[in-house]
Amino acid sequence: MDRYARWNTLLEILAETGRITVEEAAERLGVSQATIRRDFDQLSQQQMITRTRGGAVAGGISYDLPLRYKTARHVEEKHRIGTAAAGLVSPGQVIALNGGTTITEVARALATRTDLVATPGSTGLTIVTNALNIANELIVRPHLKVVVVGGVVRPQSYELIGPLAAPILREITLDIAFLGVDAIDMKLGATSHHEGEAAINALMAARARKVVVIADGSKIGGHAFARICPTDRVHTLVTDANAPADQLRGFEEAGIRVIVV
């Protein structure tokens, strides 16, 4: 296991348990205690965790880990969700993608769809995004028109946020806004941990004919700090089989199309 894989695992453990000792971490990861101490020291320097005597506790940022540390979470589910969501897109549409690991899978699935290539006399797919990592992956695809909104980069998610994005989003119309969320609940709606991301996502939702929420099963029925949009603004929910069945029934009864992969 390389260093970044260890860090990812340690952060996952701390996000779930809140604390861990050096001895416990060394045993779970199968490495020496000296290695774990170095890992803890380096993560502490990045303000990802708080060092304690003999171990570490989760820092506040553990509830919203930087994107590079989230890639190992629910990998297979996110890939299936991304493929299913990309299947909702038709040639010539204008769509929005916000940031996050699951939405990145949507972008990758779109990039490989050869049927979206523009034919003579037609317009190819246009993708509007505030996520720099997604734009970076898609700009090499000649059949995609990529529009990046302005703003200030949020390092945790690579997303552009803030008032500089608003002028662009207010001047365009979208066929579909694909929104990765931190949580979605029938009563509370779609939510995000960060208010800046929520504000940009809300603008995307407001400019779209349809809103498609992308969320793995662990995010269904939960809530986060800032609301993106109410549930009645959501047209489709794409999730996986780990989502609570009663929650999914509630969404369907509210008239939301639910796709489970």
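**Domains**

Domain bounds here come from an automatic or database domain assignment. I am working on a predicted model. I looked up how the chain is divided. Domain 1 covers 3-60 and domain 2 covers 75-260. I then took the distance between the two centres over C-alpha atoms: 32 Å separate domain 1 from domain 2.

**The sheet β10-β11-β13**

Next I turned to a sheet. It is open and has 3 strands, in the order β10-β11-β13, with antiparallel pairing. β10 and β13 are the edge strands, each pairing on one side only. From one strand to the next, the twist averages 35°.

I went through the pairings one by one. Strand β10 spans residues 183-185 and strand β11 spans residues 189-192. The two run antiparallel and are joined by 3 bridges. They form a hairpin, and 3 residues lie between the strands. Which residue of β11 stands opposite aspartate 185? I found glycine 189 there.

On to strand β13, residues 226-229. I counted 3 bridges between β13 and β11, again in an antiparallel run. Threonine 191 has arginine 227 of β13 as its bridge partner. Serine 192 stands opposite alanine 226, also in β13.

Helix α8 lies across β11 and β13. The angle between α8 and β13 is about 10°.

**Salt bridges**

I listed the salt bridges of the structure and got 7. I followed up some of them.

Glutamate 197 and arginine 154 meet through their side chains, at 2.8 Å from N to O. Are glutamate 197 and arginine 154 buried or exposed? Both are buried.

A second pair is aspartate 175 with arginine 209, whose side chains form a salt bridge at 3.3 Å, N to O. It too links distant parts of the chain, with the partners 34 residues apart. Aspartate 175 belongs to strand β9 (residues 174-180), and arginine 209 belongs to strand β12 (residues 208-214). I looked up the accessibility of each partner. Aspartate 175 has a relative accessible area of 19%, so I class it as buried, the cut-off being under 20%. Arginine 209 stands at 57%, so it counts as exposed, the cut-off being over 50%.

Why is aspartate 115 put down as partly exposed? I noted it so because its relative accessibility is 42%. Arginine 113 has a relative accessible area of 17%, and therefore goes down as buried.

Last, I looked for linked salt bridges. Glu105, Arg108 and Glu137 are joined in a network of them.

**Where the entries meet**

Notes: Residues are numbered from 1 along each chain as its sequence is written. This is a predicted model: local features need pLDDT of at least 70, side-chain atom pairs count only at pLDDT 80 or more; totals for chains, interfaces and linings use all residues. Side-chain values use heavy atoms; hydrogens and water are left out. Two strands pair if DSSP finds at least two bridges between them. Helices (H or I, at least four residues) and strands (E, at least two) are DSSP runs, numbered from the N terminus. A salt bridge is a side-chain nitrogen of Lys or Arg within 4 Å of a carboxyl oxygen of Asp or Glu. Buried means under 20% relative accessible area, exposed over 50%, partly exposed in between (1.4 Å probe, protein chains only). Axes are lines fitted to C-alpha atoms, for helices over the stretch in contact, and angles run from 0 to 180 degrees between N-to-C directions. Contact means heavy atoms within 4.5 Å.
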